[in-house]
Amino acid sequence: MRILFFAQARDAAGTPELDIKISGSVGIEEIWDGLVAEKPKLAAFRKTTRLARNGEYAEAQTKFTDADEVALIPPVSGG
Amino acid sequence: MKIEIQITNQTIQSRGQLENFPAGAIAEFSGVVRDLENGGKISALEYEAYSPMAENEMRCILESLAEKFPCLAARVIHRIGVIPVGETAIYVCIAAEHRGEAFAMLAEFMNRLKQDVPIWKRRAISSVAANVNLRTSGPSQPADSHRRPQKVLSLDEALAEIHSHCQPLPAVRVPLAEALGRVLRETVCAPEDLPPFDRSTRDGYAILLNDESETFQIMDTLHAADWKPRQLKPGEAVRVATGAALPCENLRVVMQENVERNGDQIRIARRESATNISFRGEDLRAGKPLLHSGAKLGAGALALLATAGNANPLVSPRLRVVHFTTGDEIIPPEQTPKPGQVRDSNLILIRSLLQKFSGNLEQSHLPENFELAKSAIGNRQSAIKHSDLLLVSGGASVGEKDFTRQLLEWLGFEIVFSQVNVRPGRPLIFGVNGSRVAFGLPGNPLSHFVCFHLFVAAALAKLVGEEPKGFLRAKLAAKLDGALNTRETLWPARLDSAGLHPLAWASSGNVTCLPETNALIRVPANRGPMETGEEVNFLPTTTE
């Protein structure tokens with residue numbers, strides 16, 4: 001699974017993207033658990049940062065598979 | 001609706017018209033980079049986007065808004081990369097049949113963009129060579145920042161740092177009954193005309209506007225809740241109650257006081273020019289914004305939301321706050337102090353000041369020793385992790401100077417600043433950890449009071465999405481007899497209709513002036529006494 005980081009989350013991750021292996025289908029919390037294990041500094045973002053799956057905001061019940069592109073979306077500030 | 005969306009790193013120049021539409025209204029908006037960001041002069045802003053998603057998200061927002069505000073076409077161009085001051089960061093153009101939908105669509109789109117579209121301001125590029133970080137100094141910074149020399153910030157610099165490090169927390173939908181005092185986080189538009197029909201403002205008789213008949217036949221009686229359309233003819237009248245929907249257009253209502261009634265006939269004794277009708281849409285047109293995002297919800301605003309049918313507005317969340325007091329000399333208020341001890345006043349002070357913001361406040365006392373404090377915190381780590389704001393009172397005592405600072409760093413906070421050139425309240429610590437913010441407040445009650453209103457309130461305002469209060473101007477009603485000081489001073493005062501009355505205080509440990517204080521006068525550095533009548537800056541401190 002390809003994970004993209006933006007803005008402050010990219011600073012915390014220290015990389016713009018990351019590949020992690022997952023098997024079967026997993027939920028948001030499992031993705032976060034995996035991310036925080038890999039990059040502990042991302043723990044600080046868990047509460048405010050939304051996940052996107054293939055370019056759309058994930059819902060609480062969204063399931064992810066290894067083929068998905070996941071992005072971390074910290075609070076936005078466009079316009 | 002036709003939609004065009006573009007994310008570009010090029011200058012936005014060719015606005016172009018949205019052509020070939022039977023548009024009666026074309027609303028354009030340009031968001032331009034200003035030369036001020038968080039109080040500092042800048043020369044450019046740098047933006048970043050997750051472009052494919054940002055384009056998709058903007059399209060979805062426009063499509064969903066089009067259901068509410070039917071428009072013909074929309075074009076959005078967002079620039080990313082480094083954008084110099086004076087240049088356009090975003091351009092939006094909406095074409096619609098009428099201006100109402102175009103304005104509403106434009107305003108609502110910008111609000112939604114700022115909530116959901118994955119585009120970020122990354123940093124401000126300062127007009128003096130150095131870069132000013134916006135939020136890039138998040139948790140990625142090394143935790144050994146305390147080894148770097150710490151700068152003493154001015155009041156304005158400190159406020160700018162707080163402003164740039166705090167972000168509005170995600171909004172929540174709550175029932176109207178729970179929304180009082182919160183900040184509205186969506187723009188709410190009128191769903192229908194108000195009043196929704198032409199209605200009578202008097203008890204009387206509706207007749208045709210220019211009907212000069214001598215007598216009128218009463219055809220019907222309409223009460224407030226009745227809906228009985230009918231076309232009146234000359235010589236016909238309908239009895240109407242105040243608030244009743246009128247049966248057709250082009251009428252006037254003759255007050256019953258001006259009518260002589262005989263059975264089901266009336267004769268008009270006195271004619272007046274007033275129509276006595278409140279016309280449909282007179283108060284408000286459908287689609288027009290009623291309340292804008294950022295509005296504070298008082299009783300009146302809630303009544304308006306109810307009228308507009310918005311029973312679950314999108315509002316700021318209640319904050320989760322953890323507050324620690326420190327200091328071995330502190331004892332609870334109900335105990336009698338031994339020599340060297342003082343009663344704690346900060347727990348109740350902070351609890352009271354936070355009342356309108358916090359949904360959940362956890363308070364406890366820590367021993368004044370880093371190792372003991374760490375183990376005391378032990379099982380509260382999860383409360384801290386799930387809090388929005390952490391406050392630590394005291395802990396800057398001699399010999400253990402870095403106690404609060406060390407504690408915050410141990411909890412994962414990066415210290416943004418730890419000294420501000422104001423009195424009282426110089427040793428103020430501000431730290432961030434992701435979206436969480438922390439303050440170490442100097443323990444003296446007056447310092448506490450001042451630092452809360454100056455700094456913590458600024459952070460709270462930003463977290464809930466409110467405009468920061470800022471200083472107001474008023475005249476001194478009495479002489480401010482301050483000695484020359486190299487620091488800016490926040491002087492407790494009482495504001496009434498005569499102006500600002502400076503209150504007596506000698507040191508930051510003073511508490512007797514607190515009950516009277518409802519304003520803090522901002523006395524510039526190196527100013528001696530200030531005379532009665534002089535206009536000064538002040539910050540209101542009422543928290544009701």
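Two strands pair if DSSP finds at least two bridges between them, and helices (H or I, at least four residues) and strands (E, at least two) are DSSP runs, numbered from the N terminus. With those terms in hand, select strand β14 (residues 215-222) of chain B together with β15(B), which pair in the parallel sense over 5 bridges.

Before going further, note that this is a predicted model, in which local features need pLDDT of at least 70 and side-chain atom pairs count only at pLDDT 80 or more, while totals for chains, interfaces and linings use all residues. Residues are numbered from 1 along each chain as its sequence is written, and chains are lettered from A and ligands numbered from 1 in the order in which they are written.

**Around β15**

Stay with β15(B), residues 236-240, and pick out B:Gln217, which stands opposite B:Glu236. Are the residues of β15(B) buried or exposed? A residue is buried if 20 or more other C-beta atoms lie within 10 Å of its own, exposed if 12 or fewer, and partly exposed in between, with C-beta atoms placed from the backbone. By that count, 5 of the 5 residues of β15(B) are buried, with B:Glu236, B:Val238 and B:Val240 on one side and B:Ala237 and B:Arg239 on the other.

**The six-stranded sheet**

Now select the open sheet of 6 strands in chain B, whose order is β25-β22-β26-β30-β29-β27 and whose pairing is mixed. Its edge strands, β25 (358-365) and β27 (414-417) of chain B, each pair on one side only. Strand β22 (residues 319-325) of chain B pairs with β25(B) in the parallel sense over 7 bridges, and within this pairing B:Phe324 has B:Ser364 as its bridge partner. Two residues are in contact if their C-beta atoms, placed from the backbone, lie within 7 Å.

**The nonpolar cores**

A nonpolar core is a set of buried Ala, Val, Leu, Ile, Met, Phe, Trp, Tyr and Cys residues joined through C-beta atoms within 7 Å. Which members of the largest core, with its 142 residues, touch the most other members? They are A:Phe6, B:Ile94, B:Met105, B:Phe455 and B:Ile521. Helix α9 (residues 445-464) of chain B gives the most to this core, with 15 residues. A second, separate core of 18 residues includes B:Tyr205, B:Ala206, B:Val238 and B:Val253.

**One residue in β2**

Select B:Ala25, which lies in strand β2 (residues 25-32) of chain B and counts as partly exposed because it has 16 C-beta neighbours inside 10 Å. Not counting residues up to four places away in sequence, B:Ala25 touches B:Ala96, B:His98, B:Arg99 and B:Ala102. Although B:Ala25 and B:His98 are 73 residues apart in sequence, they are 5.3 Å apart in space, C-alpha to C-alpha.

**Where the chains meet**

Finally, show both chains and look at their contacts, in which 30 residues of chain B meet 21 residues of chain A. On the side of chain B that touches chain A, β4 (40-49), α1 (51-68), α2 (99-116) and β8 (119-126) of chain B each supply at least two residues.
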